[in-house]
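Please look through the structure below. Some questions and answers about how its parts are placed follow.

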Amino acid sequence: MPPRTRRHFLKTTAATLLAGCSPRPIPPTSNQQLTTSNSNSIIDLHQHTNYSDRTDGQLLAHQRNMGVTTTILLPAGHPAERPSTHMGRSNGLAARTGPNETCYRLAQEHPGQYHFFANETPDVENARQEIEKYLKLGALGIGEQKFNIDVESDAFTLIADLAKDYAVPVLCHFQIGMYNHGYDRLWRVLDRYPTVPFIAHAQTTWANIDRNADNDPRNLYPKTPVATGGLTDQYLSDYANFYADMSAGSGLNALTRDPDRAKAFILRHQDKLIYGSDCNDLPGKPPICQGALTITAIKRLSPSKQIARKLLHDNAAKLFRL
Ligand SMILES: [Zn+2]
Ligand SMILES: [Zn+2]
């Protein structure tokens, strides 16, 4: 299915507004908390325990070397042989990452520096109970949701309902043909859950900054110049409850493939873009560490230091009340 056109999108949005169901803006938190952070603090929205078998000690060193001061750990679901996990092939978020208890433990050991999300394979019987257990223990959100399901399925709805009930964001990995199918229909979910912040991540999110994105699973990291106004650009502009996570090779590629368009994109969406690393290397330094390269790219391409601060710290601090 081709991406919806801007015209169609605006028509839909206008109809929604007329129907009185416009997305409600997320209430801003006080700026008081933000002033306490020093100007070099960096919040990393997207890391994992046991990532490609990296130890906790190696993860801590990696984050220190990147200059990250606060890390949010995203658990995998527990291993399950379900269609949602490609019958087990995508267990551990397809990267051998650890489940809830590993993220919770590390956050307990490093209060203030490490936080955690709650997660579970969304179509297993005890998914709700497992996620609720960790939300009650202080999880900041639900995710990383990276499963072979449709955004309009019962499994996805369970996650969105939980996020609504507990007033937390959901972080989703969108990858055409693999995970969270129906990115072009996500607007229906955004309309249905105006109070839930959805944080979009991965290849399909970032390929769709381009109006001409081909959404071909064999072309997940396009290098061509960007035609402004892709689906992700539209969601960011039109939905107060849609955010984008800049992590991984896909986020970095979106910044570097067309630097002039990237600068304009950052300017337009300076309050909705959130830095994350999602890298599994050991050094935590350039040239190997993609998370460190993304920090450099954000600093280089942001129109001002203040805007770079928003991406690297303030937007996450506001959303998660850190
Ligand atoms: Zn990840
Ligand atoms: Zn790294």
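**Burial and packing in a predicted model**

Pro197 lies in the loop between α7 (186-192) and β6; helices (H or I, at least four residues) and strands (E, at least two) are DSSP runs, numbered from the N terminus. This is a predicted model, in which local features need pLDDT of at least 70 and side-chain atom pairs count only at pLDDT 80 or more, while totals for chains, interfaces and linings use all residues. Residues are numbered from 1 along each chain as its sequence is written, and chains are lettered from A and ligands numbered from 1 in the order in which they are written.

Q: Does Pro197 count as buried or exposed?
A: A residue is buried if 20 or more other C-beta atoms lie within 10 Å of its own, exposed if 12 or fewer, and partly exposed in between, with C-beta atoms placed from the backbone. Pro197 has 22 C-beta neighbours inside 10 Å, and therefore counts as buried.

Q: What distance separates the C-alpha atoms of Pro197 and Leu319?
A: Along the chain, Pro197 and Leu319 are 122 residues apart. Their C-alpha atoms are separated by 8.6 Å.

Q: Which residues of helix α11 (residues 259-268) are buried, and where do they sit around the axis?
A: The buried residues in α11 are Ala262, Phe265 and Ile266. The arc they cover, taken from the directions from the helix axis to the C-beta atoms, is only 100 degrees, which puts them on the same side of α11. An α-helix has 3.6 residues a turn, so residues three or four places apart point the same way. The residues asked for are Ala262, Phe265 and Ile266, on the same side of α11.

Q: What covers the buried residues of α10?
A: In α10, the buried residues are Ala248, Ser250, Gly251, Leu252, Ala254 and Leu255. Their cover includes β6 (198-201), α8 (203-207), β7 (242-245), α11 and α12.

Q: What share of the 322 residues in the chain is buried?
A: The chain has 13 helices and eight strands. Of its 322 residues, the buried share is 51%.

Methods. Contact = placed C-beta atoms within 7 Å.
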